[in-house]
Amino acid sequence: MTVLNNRVSCVAAACAFFTTSAFAEDPTLTNPAISAVLDGYYQNTERPMAERGEGFGLGHTEIAMSANIDDMFYGKLTAVIEMHDGETELGLEEAFIQTLAMPWGFSIRAGRFLSDVGYLNNQHVHTDAFSDRPAAYRAFLGSHYFDDGVRVNYVAPTDLYWTMGLEGFKGDSMRAAGGEHDEHEGHSDHAEREYKNIGVYTAYTKIGGDIGNGSWQAGLSYMRNENGRMVEGEHEDHAALAAGHEGHDHSHSATFTGENTYIADFVYKWAPNGNYKYQHLTVSGEYFRVTDFAPLEDGHDHDHDHDSADSVDDMQGWYLSSVYQFSPNWSAGVRYGETDVQELHGDHFDAQKLKETEVSLAWHHSHFSTVRLQYTNQKGTNYFGIEDDNVLTLQYVMTLGAHGAHQF
């Protein structure tokens with residue numbers, strides 16, 4: 001019996017030794033990166049479809065944890081805390097696993113994560129150079145689109161950076177309002193339909209390279225939204241949703257949807273002698289086109305475009321941004337964007353247009369702390385009764401703990 005006990009003890013000791021050695025070789029297995037991002041602000045008035053309200057508030061405050069699970073998988077969890085109408089809301093923005101060792105440049109991500117369509121969408125909002133996403137993002141993607149699903153990505157073995165991927169999502173936040181599961185009051189008489197369980201499919205490709213002291217990247221994305229069309233009568237809530245008044249849906253849902261969304265994006269980054277630490281310039285822009293949004297009536301397209309000469313068959317949005325860090329501690333940015341959407345009233349569409357001009361000045365004591373002052377001039381042309389307005393926002397963004405590198 002003594003010999004047996006000694007043998008068991010030796011085996012246990014050996015297992016403990018090898019297990020400890022394996023973890024010691026990869027510190028992330030025992031020491032996950034844990035971080036928090038604190039986002040607070042004061043704003044003098046509201047902006048359409050924006051997450052920040054009037055007065056003091058908390059913005060996109062997040063708590064994140066990530067690590068290599070083992071040599072085959074990586075995992076990340078991101079919880080978001082926000083304030084809305086005086087109440088604290090806790091949401092789960094990311095909870096995914098991703099493969100690390102698939103052959104031939106492939107990788108798979110599964111769980112809840114940010115879609116890789118467009119340029120800004122796969123980046124956390126606290127990394128932005130402005131207090132809110134452009135109006136096109138707020139209108140068509142709910143500021144930033146994250147969902148439960150799966151992604152297959154491929155990086156080609158080329159001299160230029162070239163990646164492409166396919167995604168499939170549940171798509172709840174991209175559903176057109178109303179339908180079988182509508183929870184708004186007063187919609188019991190709406191046409192009913194069954195939502196598809198896999199509601200959103202995306203395809204994207206991005207290519208980039210270096211030019212002198214700068215780098216560039218261009219991308220094309222397509223989103224198919226199986227539940228993106230409205231049915232008759234569903235348009236009644238859009239005015240309240242877009243204006244951000246009572247009835248505003250704070251679940252990061254898209255305000256305007258269609259069956260097909262096309263996105264083109266471009267970004268160029270330049271730094272003197274290639275050193276981004278002290279000075280750098282970033283120029284970026286994106287264009288959105290959303291089609292096939294006319295309501296369904298008895299399961300068929302109801303072509304309202306023929307009922308109104310002012311109607312069009314698509315919605316569009318775009319922005320152009322330039323941000324220059326002129327010293328290690330200061331940066332300034334300017335952004336202009338327009339969003340053209342269609343609001344259904346009875347048997348015709350009404351065109352709605354929003355123009356936004358934004359100027360920001362930010363002070364960065366370090367990579368982990370930013371204080372930003374932003375001025376926004378918004379002009380609405382029949383945009384749900386929104387009057388031209390000037391918006392002032394004072395914001396701080398502070399990062400605690402180990403935080404992962406940002407996207408290009």
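This is a predicted model: local features need pLDDT of at least 70, side-chain atom pairs count only at pLDDT 80 or more; totals for chains, interfaces and linings use all residues.
A residue counts as buried under 20% relative accessible area and as exposed over 50%, with partly exposed in between.

Let's start with the whole protein chain. Its secondary structure consists of three helices and 19 strands. Of its 408 residues, 47% count as buried. The chain exposes about 20100 Å², and carbon and sulfur atoms supply 58% of that area. If we take the contacts with a separation of 6 or more, 63% come from residues 24 or more positions apart.

Now follow the strands for a moment. Strand β10 (residues 214-225) and strand β11 (residues 260-270) run antiparallel and are joined by 11 bridges. One place to look is Tyr 222, whose bridge partner in β11 is Tyr 262.

Finally, turn to Tyr 375, which sits in strand β18 (residues 369-381). Beyond its neighbours within four places in sequence, Tyr 375 is in contact with Thr 357, Glu 358, Val 359, Asn 390, Val 391 and Leu 392. With Asn 390, the side chain of Tyr 375 also makes a polar contact of 2.7 Å. As for Leu 361, it lies 14 residues from Tyr 375 in sequence, and the C-alpha to C-alpha distance between the two is 9.0 Å.

Technical notes: Residues are numbered from 1 along each chain as its sequence is written. Side-chain values use heavy atoms; hydrogens and water are left out. Helices (H or I, at least four residues) and strands (E, at least two) are DSSP runs, numbered from the N terminus. Buried means under 20% relative accessible area, exposed over 50%, partly exposed in between (1.4 Å probe, protein chains only). Contact means heavy atoms within 4.5 Å. Accessible areas come from the Shrake-Rupley method with a 1.4 Å probe; for residues, only the protein chains shown count as cover. A polar contact is a pair of N or O atoms within 3.5 Å; within protein, one must be able to donate a hydrogen and the other to accept it, and residues adjacent in sequence count only if both atoms are side-chain atoms. Two strands pair if DSSP finds at least two bridges between them.
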